[in-house]
Amino acid sequence: MYNEASQVVLVRNANRSVISMMNDYKGELTEFALVVPVPVVLEKGQIHVGDREIFKHLDAYSAPRLVEYFDPNPCQVMFDKDAVMPAPMAGAMRAESAARAKALGVTIEAQYTVGEYDIVILSAKQSDGLETWLIENGYRIPQGASQALRPYIEQDMKFFVAKVNLKEQKKTGLTYLRPLQFAFESPKFMLPIRLGMVNAHGPQDLILYVLTQNGRVETSNYRTVKLPSGMDVPEYVKDDFASFYKAMFDHQVKGERMRAAFTEYFWNMGWCDPCAAEPLSHEELRKLGVFWLDAGPAQPGLVTRSIPGGPLPVMVTRIHVRYAPDTFPEDLVFQETGDRENFQGRYVLRHGWKGSAEECSAAKGYFTDLARRREKEASTLADLTGWPLADIRNKMQLSTTTKPEKWWERLWD
């Protein structure tokens, strides 16, 4: 999405840092020079030439993503809850009507098919409603399971009936020089950016991947904010997600007057959900300078990964900064926080059901709700990007004659 941004991997543990830098240099190679302030005199053994493919892998793993869901058929008849189910997975994929789920306090957050996997993601307001939904959809759970479900619901956790790793091959077309790496010890947890402004032509973009052992990283001398995430956007965004994301990021930067750093991703490196690419391997992490994997955990409760998909004592924070001399007068100074809540820049396409309003009584209400959802998607996109709402509605082919629904029209539906 960004082919004019410097990329830096900063590995930090205690006072030890390993920095890998890949720059978007253009021009004759004989004209290239990289000048980076460092806190100590570097010996030859502290300098290394890295692999740009690891940067591409880390970018794909942590990049903001677009996901797609497909609305179920509102006319699908509910099956007999006493019927014998062939398997829990089969029962889960038989979507209950939206009205029944809503009555139980259960929200079907996602139901879609990608490749060979079917996925249903649930959230719930009360544990007994979720228990009932699971039983009615063929899950052979014991009666009274709501007590075990309650703590997860109180933590606002979601429930994945099935999961899938979304593997996308990122085609960047970038022509970067191989990254330079250097390792050193210093109590300063920082990254120098001021010197790079000397030959800059306008504001610069920096994508920073910070690998630490415990928690999310943020800047301590500037505001760090999370980008808007989880919003439903119109289907046409799929055709040019990069343009949407650039416009959205530009709009958020302007809103902060270019005086904030933006968190795009934070997760444990051992897994992801969903995955835009597989997590980095043990060997790739070592090449980036994650030196503590072989040494064992430094604190109780942190374990190295023993099986694929298990936890790792490596957290990755992806920070995107757009800066200029007057808005970022100081170098970036960081701190590792105690925050371990996962975050990813994620934007949702919800494809409408392709049936007819004449197929069943529920279909008419579905299309009424769909029209309302489309209007909300248009407003959301305008708020995120600053694009004119009229242009967005035109691209979505929304009716210009639709009258807003009065508050009481569906009161007794």
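**View 1. Helix H6, from end to end.** Helix H6 runs over residues 241-255, and at 1.5 Å a residue its 15 residues should span 21 Å. The end C-alpha atoms are 21 Å apart, which agrees. The expected span is 1.5 Å times one less than the number of residues. Helices (H or I, at least four residues) and strands (E, at least two) are DSSP runs, numbered from the N terminus. This is a predicted model: local features need pLDDT of at least 70, side-chain atom pairs count only at pLDDT 80 or more, and totals for chains, interfaces and linings use all residues. Residues are numbered from 1 along each chain as its sequence is written, and side-chain values use heavy atoms, with hydrogens and water left out.

**View 2. The buried residues of H6.** Which residues of H6 are buried? They are Phe241, Phe244, Tyr245, Ala247, Met248, Phe249, Gln252 and Val253. Buried means under 20% relative accessible area, exposed means over 50%, and partly exposed lies in between (1.4 Å probe, protein chains only). These buried residues pack against several elements, including strand S4 (65-70), strand S10 (204-212), strand S14 (260-268) and helix H8 (361-385). Contact here means heavy atoms within 4.5 Å.

View 3. Most residues other than glycine have a negative phi. Arg257 follows H6, and its phi is positive, near 55°. Met258 also has a positive phi, near 55°, and is not a glycine. Met258 lies in the loop between H6 and S14. Met258 counts as buried, at 18% relative accessibility. Gln397 has a positive phi of about 60°, although it is not a glycine. Look for Gln397 in the segment after helix H9 (389-395). Is Gln397 buried or exposed? At 73% relative accessibility, Gln397 counts as exposed.

**View 4. The disulfide.** The structure holds one disulfide, a pair of cysteine sulfur atoms within 2.5 Å. Cys75 is joined to Cys360, S to S 2.0 Å. The pair links distant parts of the chain, 285 residues apart. Cys75 sits in the loop between S4 and helix H2 (88-92), and Cys360 in the loop between S18 and H8. The torsion about the S-S bond is about -80°, so the disulfide is left-handed. Cys360 counts as partly exposed, at 22% relative accessibility.

View 5. Side chains of opposite charge can pair when their charged atoms come close. A salt bridge is a side-chain nitrogen of Lys or Arg within 4 Å of a carboxyl oxygen of Asp or Glu. The count comes to 19 salt bridges. In one of them, Arg373 pairs with Asp71, with the closest N and O atoms 2.9 Å apart. Arg373 is in helix H8 and Asp71 in the loop between S4 and H2, 302 residues apart. Asp71 is buried, with a relative accessible area of 16%. Glu377 forms a salt bridge with Arg373 at 3.7 Å. Both lie in helix H8, four residues apart, about one turn of the helix. Arg374 forms a salt bridge with Glu377 at 3.2 Å. Arg374 and Glu377 are both buried. Salt bridges that share partners join Asp71, Glu235, Arg373, Arg374 and Glu377 into one network.
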